[in-house]
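The following note is intended for a colleague who is meeting this structure for the first time. Its points are numbered so that each may be checked against the structure in turn.

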Amino acid sequence: MSVPILELVDVTAAYGRIEVLRGVNLSIPRGAVMALLGPNGAGKSTLVKVISGQKESTGGDVHLGGVNVRGAGPEELARLGLCTVPEGRSVFPNLTVEENLALMSYAGVSAEAVLETAYAYFPRLAERRKQYAGTMSGGEQQMLAMSRALASDPALLLLDELSMGLAPLIVDELYDTVQQIAESGVSILCIEQFARTALRVSDYAAVMSGGRVVATGEPDEVLETMSDVILGGAA
């Protein structure tokens, strides 16, 4: 059995005296897409911050590709193959699409290769390449944010609330691309409040509630047994 790309063992985290993660256990096989679902306040955002090195855990262990990375910062995790597309589409609004993408060439990938990858996954970005990112639609900005992440050739891609503020048709289109990215061999963790679209392209699903993972399994199974939890505000 191969080593999981990501394994969390009894992870805890707190804000001051308020414990938010209460012993999270989660394992993502290599090459898999996993949807992490749950209502607001379940602890999903805090878990993303812990996995991506933005917040220190108070206990437990995080393994990335079999390496214990507890306490590692975002830069070290990036070198190990972890890349996050954060909630809220972090693009540089006053730079063009092409300039946003060219910034990723500092990681050692040629600008030409960065652009080629971005335009292959998102042809619309090629049409908008001279447009300022801040003037594009939310969906196009999300495409740009995903392209910038892919430029680092990640082993594990964290997508935090990909659907936030976007029309359902755009969300479907983005998740079609998530499926294509997964088929290229990238492991993906999709953190979503809105479940159905993420489940459509996922191999596995996990549900958080009250700071813990309360269910894991195949998407149909999880949807059937946990629908009251994950479809409370879901699309």
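Helices and strands are named here from DSSP runs, at least four residues of H or I for a helix and at least two of E for a strand, and are numbered from the N terminus. The model under review is predicted.

1. The open sheet. Six strands form an open sheet in the order β6-β7-β8-β3-β9-β10, and the pairing within this sheet is mixed. At the edges stand β6 (82-85) and β10 (212-217); each has a single partner strand, so one side of each is left without a neighbour in the sheet. From one strand to the next, the twist averages 20 degrees.

2. Strand β7 (residues 156-160) runs parallel to strand β8 (residues 187-192), and 5 bridges join the two. Within this pairing, Leu157 is placed opposite Ile188 of β8. Strand β3 also takes part in a parallel pairing, with strand β9 (residues 204-209), over 4 bridges. Here Leu37 has Val207 of β9 opposite to it.

3. The antiparallel pair at β10. Strands β9 and β10 run antiparallel and are joined by 5 bridges. Ala205 lies opposite Gly217 of β10. The two strands form a hairpin with 2 residues between them, and Gly210 in its turn has a positive phi of about 60 degrees.

4. Helix α7 (residues 168-183) lies across β3 (33-37), β7 and β8, and runs at about 155 degrees to β8.

5. The pair of helices. Two packed helices are described by the angle between their axes and the distance between the axes. For α6 and α7, the axes come within 10 Å and cross at roughly 15 degrees. Angles under 35 degrees count as roughly parallel, and α6 and α7 are therefore roughly parallel to each other. The crossing in which α6 passes α7 is right-handed. On the α6 side, the residues in this contact are Gly139, Gln142, Met143, Met146 and Leu150; they meet Ile170, Glu173, Leu174, Val178 and Ile181 of α7.

6. The pairings of β1. Strand β1 is joined by 8 bridges to strand β2 (residues 18-28), and the two run antiparallel. Leu8 is found opposite Leu26 of β2. The hairpin of β1 and β2 has 2 residues between the strands, and Gly16 in this hairpin takes a positive phi near 65 degrees. Strand β1 is also joined by 5 bridges to strand β4 (residues 59-64), again in the antiparallel sense. In that pairing Val9 is set opposite Asp61 of β4.

7. Asp10 is not a glycine, yet has a positive phi of about 55 degrees. Asp10 belongs to strand β1 (residues 6-15). With a relative accessible area of 44%, Asp10 is partly exposed. Glu161 likewise has a positive phi of about 55 degrees although it is not a glycine. Where is Glu161 placed? Glu161 sits in the loop between β7 and α7. Is Glu161 buried or exposed? At 7% relative accessibility, Glu161 counts as buried.

8. Cysteines. How many disulfides does the structure hold? The number is 0. As to accessibility, Cys83 counts as buried at 14%, and Cys190 is buried with a relative accessible area of 0%.

How values were computed
Residues numbered from 1 in each chain as written. Predicted model: local features only at pLDDT ≥ 70, side-chain atom pairs only at ≥ 80, totals over all residues. Heavy atoms only, no water. Disulfide = S-S within 2.5 Å. Buried < 20%, exposed > 50% of the residue type's maximum accessible area, 1.4 Å probe, protein only. Pairing = 2+ DSSP bridges. Axes fitted to C-alpha atoms, helices over the stretch in contact; angles between N-to-C directions. Contact = heavy atoms within 4.5 Å. Parallel < 35°, antiparallel > 145°, perpendicular 65-115°, else oblique. Left-handed = near helix turned anticlockwise from the far one by under 90°.
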